[in-house]
Amino acid sequence: MAILTLTINGEQLSGKDDETILDIARQHDINIPTLCHLEGLSDIGACRLCVVEIEGQAKLSTACSTKPQEGMVVRTDTERLKKYRRMIIELLASEGNHSCAVCVANNNCELQDLAYEVGLVYVRFPYLYPKKELDATHKDYVNDRNRCVLCTRCVRVCHEVEAAHTWDISGRGINCEIISDLNQPWGKSKTCTGCGKCVFVCPTAALFEKGATIAEMEKHPEFLKYIVTARQKREWINIEED
Amino acid sequence: MKPKVATVWLTGCSGCHMSFLDLDERLIELADKMELVFSPIIDIKDFPKDVDVTLVEGAVSKDEDEHFAHIIRRNSKFVVSFGDCAVMGNVTAMRNRFSSAEILNRSYIELAESVGVVPNDYNTIAKMLPSARPLHEIIKVDAFIHGCPPTADQIWFAVSELLEGRLPVFSTIYLRYG
Amino acid sequence: MTVEELKELSQKEKARQQKFKYRILFCSAAGCVSCGSGALKDIFKEAFKENSFDKKCELVGTGCMGLCGEGPLVKILPDGTLYKKVDAETVKKIVRDHLINQQPVKENVIEPSHLFFASQQKIVLENCGEINADSIEEYIATDGYEALAKVLTELKPEEVIEEIRKSGLRGRGGAGYPTGLKWGIVRKAVSDKKFVVCNADEGDPGAFMDRSILEGDPHRILEGMAIAGYAAGASQGYVYVRAEYPLAIERLKTAIKQAERLGLLGNRIFESNFNFRVDLRIGAGAFVCGEETALLRSIEGRRGRPRPRPPYPSEKGLWGMPTLINNVETFANIAPIIMRGSEWFSKIGTPKSPGTKVFALAGQIKNTGLIEVPMGIQLRKIVFDIGGGTPDGTEFKAVQTGGPSGGCIPAEHLDISVDYEALATVGSMMGSGGMIVMDSTSKMVEVAKYFMEFSVDESCGKCIPCRVGTKHIHSLLDKISKKSATIEDVQLLEELCAMVKDTSLCGLGQSAPNPVFSTLRYFRDEYEKLLKPVENYVPSGEISKEK
Amino acid sequence: MLFFMAHELDYYLLYEIDKVNIGMEINTKTTEQTTIDPRFKLLDRAITKHQNKGDALIEVLHAAQGIFGYLEDELLVYIAHKLKIPPSRIYGVATFYHYFRLKPVGEHTFVLCTGTACYVKGADEIQKALECRCNIKFGETTPDKKVSLISARCVGSCGLAPVAVLDEEVVGKLSASDAVARVEKWLES
């Protein structure tokens, strides 16, 4: 591990070479919006919100998956990037059936926050209004695909942390959907442990707890970083449990 | 001459108009500044000509709405999407996942207390469009007031700006959905 | 097997072939098979019987002979006469007039001076249509596997890489990355296991070069891969081939078995310490698997979704190990470079893009088929000399290269040189080599819409710009073609295309808007003709203020 | 915004309709079933050939589809157990690749190439004509299970465009009327 210096938005910063540009930026309070990224999970570079400009590179790079290099000059907030981020949120809003007014995650929704952050006034593309199914067969949780943004956090947390791999994605392109087991009802899944991690990492209310009504569902995905760090460093293993 | 203002109720729940009335004592101040020429709360049948600002509540969900939207556009200088239904479909658009036939059947047959009938006299009632659309997909819209419903403060800010001849630019305080 | 044994085998096969008075080659690639070349063998045999002429003749099914539009094609050796549109009647005539009386059947002969063949130069396809693809002996008789023998007995891996680097060979999959450089990176990567992968997932609609090479000369690919394996330090190779190409899969399977039987694949090849095995992986209908990271995922038995690069596969590929991925055509160039030297190769084509390129010529053009031309050839020559121009009565409009990732090149740019850089400057790309000619009957908005529909259908759905963006581009194009769009929609279209291009995760998304860009650039009038005026309304402006 | 509680409730009421459709249970095949059915022996052979390795999933699915014609849910569960792969991943892979079918196809298949060359040469007209004649869309099977219309992304015979594969037989330079005639023969048989 080596320390190196780079410039982000004109500021000279230092970071470690095993971190990502996103890590370094966040340590220095430089905000880069993200959606599929969650501390504790592997990065997949899918939502493209964290794209940044790197001097000398023609293509944009995702901050979550790019390692810093000595002397790298990064810009995170150019007009072009802002415009692109707004369009990405526009696309997301047009893709699903998002009605904040009747959503359990209203005011606790990462998609909503991002829309405010990028200043999404209206969506210029026709809403697709897909016909998606809602699965309320699980005894504690509901999967409402209408609100899914396909960030695959649930798939990753179930695979990487819970190791049950109940979730995966079916289909491709615009027809992608989150499925449990063989596209069976969640309540009948033979692999689901009912741990609820997927529910709490979901950025919207695609996965939510039963019993919550509008604007009541609060999520706290921070737990993940805590337990994953503990696991990686074997912090809890060494303590004897009665 | 005071600026002419109209408010229109397409397919929505009228919550945005309720919120407009929540301006309370500020309504009196507003009455000095503008003239309300068309609204569900006043009794005028035809949409007037040369309106300065029109606030449109609700999504475009029926053929009548679509027809009316074009009349509004032809006769207004500023058209404002008023509330989430007009801005993005919102609750009104939740029906888009079902066909018109399914919805009518659900509403008029399945949930009927006695034997239900689906109304079909389209000479007197409006026909549902295949899907409910936000206003800006039908006509050009100049400004947007978000919220379900928008708060009185949001409305006050937007209307005040418009009456000053400016398009309201919402800061993060007023940009909110739901 | 030793080098001597290989030479012996080659001599034996050559002697066997010379025993025949005539060798009748009939094209048994997919194109000709579908116009009935499969039955030719029996028809010939019957004709022999009728004329009691069955001595000293060998009937050989070969790979693609090139001029697919005129199939089935038959070639008579040793004189090399090529016949087109050979049906049962023609076979009888050939046997009677040509084989027995040495009088070629004039009406079916394709003259060697035919422009289709005149401007071509064959390196990759030199064996295609000349040898029986199912026979390893015939390949060996054309000095096959000698390059591998030379590499294993005379050269160090570094020397092989240096030779490839000096030749200037660039990846034929489309992007044109220098092959020698790539090999060097994999060579340098530290790992106890490395892989070589041949990308034969030719998904571009309108492209069938890789298919023809695999069907016509599969051993050349295996040889190229083995040389790459030796140079890079890998002992396992995979060929990833589309399920839509059953014949190519069959031929590859046979080829791998034959090579293993002769010890040309397996352990201690040519008594060196080099071991190399090749396995076949069959795709299942996903265009995105042509993208290298998605292809690797697919080989691992997973959804073919790309991942961000870096790390590149040459550092972290299959199961996290350094992996060398090259296209079929790239591997097909390796053996000739080793045998004839980098200097010979670098003199063909242009200094920046040496060598030849195989194109699949199709669409509204007289001579459709498979061609191989030196890099830097004028596009006009391909379309009008080799292709013979558009069918009578129509006018040339554009040529589409690079498939759904490329663009349309209009008549005004027909004089450009065909190489990586020049094609990029006119808004298209080399791609893997599909070349579709369009004439005045093609509507360019519809063409852009067609490609966008393809991209919507083939998007893997991982990243948002590609998943949703392509869908909206398609619906905007649809709106334009239905004449209900305004100039504002075109502006929005351009904005969206730029965003999808710049922010998408992989090459599929990044290049998906290219057909729109290029049609907008050259055929903007066709878009504008379809637009309706912006809706007439009272312009928003000053409100009448209170007096 | 309790104001909207009513809508929220209605929203779920409407969804009750859909819930019925997704409420099926998938059984794992019993050992008895798999030992009696000789096709499973063939499948087992394909699986052992790849040493029960999970990374050969696509190969195994190819083999399974070749043996059984299509991939029914029980079969996917069987493969999941054999290869020790989570079922959701198998379903994800099977639906990602267009080549895999989760539903049976008709007696005859008409695979129309919709590649660029075929498109330029008028494959869309053939498509329209067939859809009109069979009264189904591409990707569907006629109600009498006689004919399936399938579209392919380039079968690589662009020189002969427009091309179709009729029950494994490649037919080039096809016209809309020929195509309809061929399909009619199947429908009448």
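Predicted model: local features only at pLDDT ≥ 70, side-chain atom pairs only at ≥ 80, totals over all residues.
View 1. Helices (H or I, at least four residues) and strands (E, at least two) are DSSP runs, numbered from the N terminus. Look for C:Asn514, C:Pro515, C:Val516, C:Ser518, C:Thr519, C:Leu520 and C:Tyr522.

A word on reading the views: residues are numbered from 1 along each chain as its sequence is written, and chains are lettered from A in the order in which they are written. Local features need pLDDT of at least 70 and side-chain atom pairs count only at pLDDT 80 or more, while totals for chains, interfaces and linings use all residues.

**View 2. Helices H8 and H9 of chain D.** The axes, lines fitted to C-alpha atoms over the stretch in contact, of H8(D) (residues 123–134) and H9(D) (residues 176–188) come within 9 Å and cross at roughly 35°. From H8(D), D:Glu125, D:Ile126, D:Ala129, D:Leu130, D:Arg133 and D:Cys134 meet D:Ala176, D:Ala179, D:Val180 and D:Val183 of H9(D). Contact here puts C-beta atoms, placed from the backbone, within 7 Å. By class, 8 residues of this contact are nonpolar, none polar and 2 charged. Nonpolar covers Ala, Val, Leu, Ile, Met, Phe, Trp, Tyr, Cys and Pro; Asp, Glu, Lys and Arg are charged, and the others, Gly among them, are polar.

**View 3. Where chain D meets chain C.** Chain D brings 32 residues to the contact and chain C brings 38. On chain D, helices H4 (57–68), H6 (87–96) and H7 (116–120) and strand E4 (169–171) each supply at least two residues. The chain D side divides into 19 nonpolar, 10 polar and 3 charged residues.

**View 4. The two domains of chain A.** An automatic or database assignment gives domain 1 (3–77) and domain 2 (83–232). Their centres, taken over C-alpha atoms, are 25 Å apart. Domain 1 puts 14 residues into the contact and domain 2 puts in 19. On the domain 1 side, 10 are nonpolar, 2 polar and 2 charged.

**View 5. Around B:Val56.** Beyond its neighbours within four places in sequence, B:Val56 is in contact with residues including B:Val8, B:Leu10, B:Ile72, B:Phe82 and B:Leu135.

Notes
Contact = placed C-beta atoms within 7 Å. Axes fitted to C-alpha atoms, helices over the stretch in contact; angles between N-to-C directions. Buried ≥ 20, exposed ≤ 12 C-beta atoms within 10 Å, placed from the backbone.
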